[in-house]
Amino acid sequence: MDFFADTSPWPRRLWDVSSALALEEAWETGDWQRQQVLSPGAVSWYLRTLERLLGPDRGLGDSRLRKELTDLLRSGLAPDSQQRRRLRQLMPLVNDGYLDRWAETVESTRPPSPERLARAIATHLLDRGWSSGRLHRWVHDTSQAPGVTLRHLLEVATDLAATSDSEFEVMVPFVSVPSYQTLAEPLPEWRSAQATAAWFRKQGVMQPPRHNGGFIYYLRAKDPVAAVRAAGGLVLRLQARSSYARTGRGRLEPVGRAWVASHPDSLPVQPPARGADVLSLKRERTMYSVTASDRLDDALELAAPLNEGPPAPAVSGAWAAIESLLHHPGDKADPDADRAVAADRLAALVACSWPRAELTALSYRHRPAQPDDLSEALQRTRTNAQRCQLVAEALSKGVKPAVSSPGDVAACQRMARLLADPQKELSDVRVVFEAALRRLYRQRNIVAHGGTTAAVALDAALRTAAPLVGAGLDRLLHAALTLGIEPLDLAARAENSLALVGDPLGPPLTGLLD
């Protein structure tokens, strides 16, 4: 439920994509490398990282398929190579039975961890095209059913993964459509105000919105929510086109909701925010304090489309913000990474922020039936840093915080593993963050230099990277406001902390950026 909720905080969101999509992205890099949109170094880094990330994926089985995929990735997948063509032909084998193979491991002598299994299911279903809203309702309803078992959940997940797209009829009504007589009426998808009203009556919509016509789209998708979000993407394109009209003649304005034929409830046309939250703006009371020449203010403005904007300005603005803060033209420490080093530095920052974010949340969720030592100690604290330290000490001693929600229970288990081996756990998390943020950089290059928003991993890149970018900007802003530390200096501190964490001379896990 954490992985599918659009409002989950960044530490509990999905940070990665499915293996199937990652392999498809690997195949696609050949086209962009041929057009010199992606450099050979960027592609080589991705293939090496992908091989490492696919290692624990038991949905790939233990047969020759895994070995073949590994050999193909190690070949470099040159744009016109036979190895690249072979990878394309293997893709159906990866998708077919992927969740069945995971289900088999659950009852094996070496079952996967619950989190590893959940991440595999969630990423696979999302990247197959199911909407997060539909999947969240499925997991919620399934968890509430009497006598439900993990086997049942896996069986339904397998069925969902195998489901083909359906065609949905989506009505998007508009309040205002400038020059609709000449520009909209000739289009087959346009419906006049009278025809739109008739459509609402036919669908049994008792209280239709005020409108001046609408567009009907026939879209193939997995579920109604996914269909409406696809329609929302078309509306964004319409609004982008209409912005080129001369001013003073009105503007294209949708009602804001869309209706799907045979489905009674309307859905928002605007997709949910992507989770790039910078909470320090409110916490430090600087939301409305703007400095025109401040680099962090400039970065926040550049990254603003990341939350709710169209994909192209979202990836372009986000990467411009990251590069402006965490890359210096005179820094030749990592010539192989070049500008991508900014993604690695942001990944280090966010990895250092992760323990503090989770432990802080758990400190406020600890609600025992009767006051205990931990709750009494928490009441006496004045800072979040102290609260984090108290919860970390309790978990290290085997004391479980009194939390009730499954998400909090999972977070406690996650933090217990981290405290037991901080070097390993943070290293693994950092690798995942680097992969997500470098994917954002590659997608930015495809948009900026390839001139397209049709790349296979664009939506997934925004889904996974946006919360991490928000968390990183939040840490950078907080450090600048409270400690006066510049972004590159904070990144250096983060890299030192990750290198020394767990060492007697290293920083405490709850203060990696202090």
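Colleague: What makes the length of helix 15 close to the expected one?
Modeller: Helix 15 covers residues 311-326, 16 residues in all. From first C-alpha to last, helix 15 reaches 22 Å. The expected span is 1.5 Å times one less than the number of residues, which for helix 15 gives 22 Å. Helices here are DSSP runs of H or I, at least four residues long, numbered from the N terminus.

Colleague: What kind of model is this, and how are residues numbered?
Modeller: It is a predicted model: local features need pLDDT of at least 70, side-chain atom pairs count only at pLDDT 80 or more, and totals for chains, interfaces and linings use all residues. Residues are numbered from 1 along each chain as its sequence is written, and side-chain values use heavy atoms, without hydrogens and water.

Colleague: Which helices do the buried residues of helix 15 pack against?
Modeller: Among them are helix 13 (295-303), helix 16 (341-365) and helix 20 (422-450). The buried residues include W319, I322 and E323.

Colleague: Why is the pair R339 and E323 called a salt bridge?
Modeller: A salt bridge needs a side-chain nitrogen of Lys or Arg within 4 Å of a carboxyl oxygen of Asp or Glu. The closest N and O atoms of R339 and E323 are 2.5 Å apart, so the pair qualifies. R339 lies in the loop between helix 15 and helix 16 and E323 in helix 15, so the pair ties together parts 16 residues apart in sequence.

Colleague: What separates R119 and E115 along helix 6?
Modeller: About one helical turn, because they are 4 residues apart. Their closest N and O atoms are 3.1 Å apart, so this is a salt bridge too.

Colleague: What is the nearest side chain of opposite charge to D57?
Modeller: R66, at 5.5 Å. Lys and Arg count as positive, Asp and Glu as negative; His and the chain ends are not counted. D57 is buried yet has no salt bridge. D57 does contact R66 (heavy atoms within 4.5 Å). D57 sits in the loop between helix 2 (40-54) and helix 3 (64-74).

Key:
Helix = DSSP H or I, 4+ residues; strand = E, 2+ residues; numbered from the N terminus. Buried < 20%, exposed > 50% of the residue type's maximum accessible area, 1.4 Å probe, protein only. Lists of a residue's contacts leave out its neighbours within four places in sequence.
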